[in-house]
Amino acid sequence: MSEAYIGVDVGTLSARAGVFDPVGRLIASARRPIAIWREPGEIVEQSSDDIWRAATSAVREAVEASGLPPEAIAGMGFDATCSLVALDRDARPLSVSPAGAPERDVIVWMDHRAAADADRINAGGHEALRYVGGRISPEMHAPKLAWLARRKPEMIAKAGHVFDLTDFLSFRATGSLTRSACTATCKFGYLAHEKRWPDEFFDSVGLGFLKDNDYALIGAYPAPPGAPLGQGLTAEAAAAMALRQGTPVGAGLIDAHAGAAGTLGARAEGRQADPRRRLALILGTSSSCMALSDEPRFVDGVWGPHFAALTSDQWLVDGGQSAFGAAIDHLLRLHPAFAALSARAGPHALAALEKDIVARAGGLSPAALIAEGLHVLPDFIGSRSPLADPGARGGVLGMDLREDAASLQELHVAGLCGLAYGLADIVGKLERAGYEFDAIVVSGGAAQSPLVRQIIADVCGKTVEAPETAEPVLLGSAMIGAVAAGTQTLVSAMGSMSTIALRTAPAGGAFAAFHARKRRAHEILRQAEREVRHTSLKARWPEVVIFDCDGVLVDSEVIALAVTRRRLGEAGLHLTDEETRERFLGLRLDSAMRRVETELGAPLPKDFPDDLSREILATFARELKGVEGVRQAVGGLRARVCVASSSAPERLSFALRVTGYETLFAPNIFSAAEVAQGKPSPDLFLFAARAMGAAPKDCLVIEDSVAGVAAARAAGMRVFGFVGASHFSRLDEGADLTAAGAELIFDDMAKLPDIVAAGAARAGAANTG
């Protein structure tokens, strides 16, 4: 054999390597497990060092099993899950763990810790969201980075590199910091069709630091998939893999995209295929549906369109489900009979289960009938597409008390049907957007099941095709190696290295009618879940917590009032500290200046407000500190948060940035300059509530000024008075706030979540009493 290519696939639980010949035949493969840690709060983490050890070990074993000499390997490529890797400036692991575990530097794709950050970003209605189906997912990198900036700012300060896992593997292999256009466009938001990063989007969501040093943290100029990186394998990487130094390595792919590369162009009956008329369906821990077009097509709830993320000059869309194989595994583990089956059949338990199901039903299509009265909603970690609802959850309807093998079989089939109905929703939405599919081409572990393929064909009414290779995802990465070696383009590799071997036709007729009825039941169940969830959310108070800034988030009032008092004295109005606080605390600058001119009986110098603002900002830069406990408060609240301040936008943004609190709230930071009248008018708080999509009665305001409390009450909102900043010396100084309408007074911001929970409980008791 003249040459071969290696594909490396890092999934959720293992790293795999495959050696392929030039026509896509798998010569040898190997697998290594990787560690995973799960913590409360939907936190899922891994170690990049552990992943790299597993990947290099799998490559070494696969090469040895192939019997090929190292010089026969002409190129290699990597694919991986869409996980986020953080390294310091010396490329050492940087902990992303809330517990600070040093080895855990990877936020796994399925980690949903950033769900609230995704909601906050989505509330901004940014233009960049058009390219993620209208709503960003907490599985993407911008929300995860926002979470890190908000909850672990010290980590962000130390970060030297943030990688998608695919790019991390390429970096460890070659030393090159160049990222793939696939990962940059699909997961970081790179606008490949404009060849630029979305500066304005990053600024608006508190990720402006990504722009520093020409986007050095995430890579300035991505390369197309397959482009050779650096000088190929470094000596260290080559030694770890038993390969030769300099072996070409191509810019990699996301794992699902590698599956698309390995299937979309597969030859059928010796003929070249049109990838635009196929839907690539990758079935792993999650699922992904990918389609290509020559022009951008925007589909709500479907990620993309992404330009040149797979093939040059074409647009890719990606719909899918957050859990597919993971949903089935979870569902079966809930059933008492599965443990006995696993003990008997071991790693082949699922295959044994499906064999028993087909034997019982008398065929693949009839197998669905055994679950006629059992319905599964498999959205255990949210609905990615087409609903873009990460808050969705799963459910089972129709279960009885049986614990036997027959009951387990029915549960499995019902789960597969539920997953297929979700896939059919995606297919239908894509076709309504102009896509025309002749077939669905499947890859991934679950795609090897004849029962899975038949149920998908029957539900979607499409022929389901499977490629000849048992490892199409690995093959897609090996294609990247062929491109890096210079022997193929990705388009030519897709057509020459993959062949269709199996076809599953839809049964139609009575089976199609059966699935139509069951699919209707599935939709009713999904609607019921949504209504129950929303009912629970409506009962939760508050929906939004609105923070004032000065004296609440930042300890600025003593500074600002001292500068104001001194400058007013120079202008002829001499006030004590107490008088200054009584007159100006919580007021917008223009309102304060009008009050000054009334008391002076003469106008202030024209440049007085600007000079005062500049001096306050200069003093902030030297002296301003954040109020203690703000991070604990925001992190512990179950509500969304925003800021509504009387300060001008420049001063507000500066104060939050200096204290490191801007990323806690951006982009939901509102200034009185955006409304007609400042506090004590309710305009600002009502404006903030509208922007957050919340009713005033569902909002809680945290204020330190009489004017602010009065504004909140006028807006129809509950308000707590905060007296923990340095311009208050005693807790009883909150009496004026109580008189103005504050429901309670507190002085420890870290205790706010407990105080809010107690307030919500009191309100609930009052409503039911």
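Strands here are DSSP runs of E with at least two residues, while helices are H or I runs of at least four, numbered from the N terminus. Two strands pair if DSSP finds at least two bridges between them.

A quick word on the source: this is a predicted model, where local features need pLDDT of at least 70, side-chain atom pairs count only at pLDDT 80 or more, and totals for chains, interfaces and linings use all residues. Residues are numbered from 1 along each chain as its sequence is written, and side-chain values use heavy atoms, with hydrogens and water left out.

Ala466, for example, has Leu502 in E19 as its bridge partner.

Now the helices. The axes of H1 (residues 48–66) and H5 (residues 165–174) come within 11 Å and cross at roughly 65°; axes are lines fitted to C-alpha atoms over the stretch in contact, with angles from 0 to 180 degrees between N-to-C directions. H1 and H5 are therefore roughly perpendicular to each other, a label covering 65 to 115 degrees. The contact (heavy atoms within 4.5 Å) involves Ser48, Asp49, Ile51 and Trp52 of H1, and Leu165, Phe168, Leu169, Arg172 and Ala173 of H5.

Terms used: Angles under 35 degrees count as roughly parallel, over 145 as roughly antiparallel, 65 to 115 as roughly perpendicular and the rest as oblique.
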